[in-house]
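Thank you all for coming; I would like to walk slowly through one structure this morning, and I will take a few local features one after another. Please have the sequence and the coordinates open as I go.

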There are 2 protein chains.
Amino acid sequence: MGVEEDSSEDEEDEELEEDVKAFHSGRLFTEGEKSTGGEGLYVPPLNFAMVDCGVYRSGFPDTANFGFLETLKLRSVLYLCPEPYPEANLQFLLSNGIKLFQFGLESCKEPFVNIPEDKIREALKIVLDARNHPILIHCKRGKHRTGCVVGCLRKLQKWCLSSIFDEYQRFAAAKARVSDQRFMELFDTSSLKNLPSPLTLRNVGSFESPYLAPIHQ
Amino acid sequence: MGVEEDSSEDEEDEELEEDVKAFHSGRLFTEGEKSTGGEGLYVPPLNFAMVDCGVYRSGFPDTANFGFLETLKLRSVLYLCPEPYPEANLQFLLSNGIKLFQFGLESCKEPFVNIPEDKIREALKIVLDARNHPILIHCKRGKHRTGCVVGCLRKLQKWCLSSIFDEYQRFAAAKARVSDQRFMELFDTSSLKNLPSPLTLRNVGSFESPYLAPIHQ
């Protein structure tokens, strides 16, 4: 089983490298243009998207993405892999005053599934705390681990399961896992519904978010 | 050619109906629960996502989605099909004080491509005007016409093309069109860069958006 997991991890590593190469192919960076890429363009991380106001998701950001990430004025990053955060990324966080929260979820390929519900629950508390916003949730490819956390968040937002799965599948595409979807379906949100910290996202809790109010003016 | 376009339109209609059926299958609504679906759950429209703060995208919303849409507190809807807006949807907009902007873009299947650049430009001006936010951009399936408008918006936000295409493909999936992507690539943003109305989205224009500021507090 250990070997299986390792090979799954290696496979993900290789896929990630290929994706990143393909993603940035044709792009030339000179020294002075690194932060925004050539021609002053921004390069969002792989699988980047906005989850809600102040909450973003993506795959692993590399140096080419730092210029874009700066524009988000992040307060924190929620990193979902057990591997140490790379030095370049740590430096980026440090120089931009961004706090790092790490919840190491193993990448395990079906049928060796072991998503620790307690860690997902702790991770969600970080996401729900407006003091951490804007926050970027990321794992390696922005598909499985990030997809599970976002799916559980949607459950808290009272999205129906078919919509949660639809969103999960949009990011996971051909790599969608029934086990991830089953995890989201069975995930118990009851302990998260009465968090003392302010809940800022729409439909979470029963009150209108003061945090969202300025947007509607 | 006319026949080809019609059959393409019919095909999209059928696909949409199938999608909507599949999407809501297994869900039972009683009269009193219609707004949020059974069990008080929300049903976002097909292909729903947040584009930026105050800007959403989706496929055609039906009555099952109205409860969810109410939570967004929309100020306007940007509808990208030439067909008249259905009565039920018009009633929903009316009773929620939501303004409708319609830019009828024909749905044309490759190689019969004719995306009118002037209409996309006018549509973008509506999206960029913060007085219309929160705004929902939608067409029939939330893939091609909506994908093109969002792609052009990303160009204004200075996203690199590979990231724009990555996002477009996430929604269009197997239906992704080279012609749409070529349109986005060739779309000239220069006339939109100095709009007199406030530009509210990150990286559009050169100033910090006052509209986004409260989020970072």
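Predicted model: local features only at pLDDT ≥ 70, side-chain atom pairs only at ≥ 80, totals over all residues.

Although A:Lys158 is not a glycine, its phi is positive, at about 65 degrees, and its relative accessibility of 32% puts it among what we call partly exposed.

Helix H5 of chain A, residues 145-156, has 12 residues and reaches 17 Å from its first C-alpha to its last, which is close to the 16 Å expected at 1.5 Å a residue. How many of the residues of H5(A) are buried? The count is 11 of the 12, so H5(A) is largely enclosed by the rest of the structure; among these buried residues are A:Arg145, A:Cys148, A:Cys152 and A:Arg154.

Helix H6 of chain A, residues 161-172, likewise has 12 residues, and it reaches 16 Å from first to last C-alpha, close to the 16 Å expected. The buried residues of H6(A) include A:Phe165, A:Glu167, A:Tyr168 and A:Arg170. After H6(A) comes A:Ala173, whose phi is positive and near 50 degrees.

Another positive phi in chain A belongs to A:Asn47, at about 55 degrees, and this residue is not a glycine either. A:Asn47 is found in the loop between helix H1 (2-24) and E1 of chain A, and with a relative accessible area of 9% it is buried.

Now to the peptide bonds. In chain A, a cis peptide bond joins A:His133 and A:Pro134, with omega about -10 degrees, and A:Pro134 lies in the loop between helix H4 (117-128) and strand E5 (135-138) of that chain. In chain B, B:His133 and B:Pro134 are joined by a cis peptide bond with omega about -5 degrees, and the place of B:Pro134 is in the loop between H4 and strand E5 (135-138) of chain B.

Staying with chain B, strand E3 (residues 76-79) and strand E4 (residues 99-102) run parallel and are joined by 4 bridges, with B:Gln102 of E4(B) as the bridge partner of B:Tyr79. Between E3(B) and E4(B) the chain crosses through helix H3 (residues 87-95) of chain B, and this β-α-β crossover is right-handed. In the loop between E4 and helix H4 (117-128) of chain B we find B:Phe103, which is buried at a relative accessible area of 16%.

Which residues come closest to its centre? Of the 28 residues lining the largest cavity, these are A:Ala49, A:Met50, B:Met50, B:Val51 and B:Arg154. E1(B) gives the largest share of the lining, 4 residues, while the elements that each supply at least two residues include H6 of chain A and helix H6 (161-172) of chain B.

Methods: Residues numbered from 1 in each chain as written. Chains lettered and ligands numbered in written order. Heavy atoms only, no water. Expected span 1.5 Å × (residues − 1). Buried < 20%, exposed > 50% of the residue type's maximum accessible area, 1.4 Å probe, protein only. Pairing = 2+ DSSP bridges. Right-handed = clockwise from strand over helix to strand, strands pointing away. 1 Å grid on protein atoms, 1.4 Å probe; cavity = no way out; pocket = protein on both sides within 12 Å on 5 of 7 lines; lining within 4 Å.
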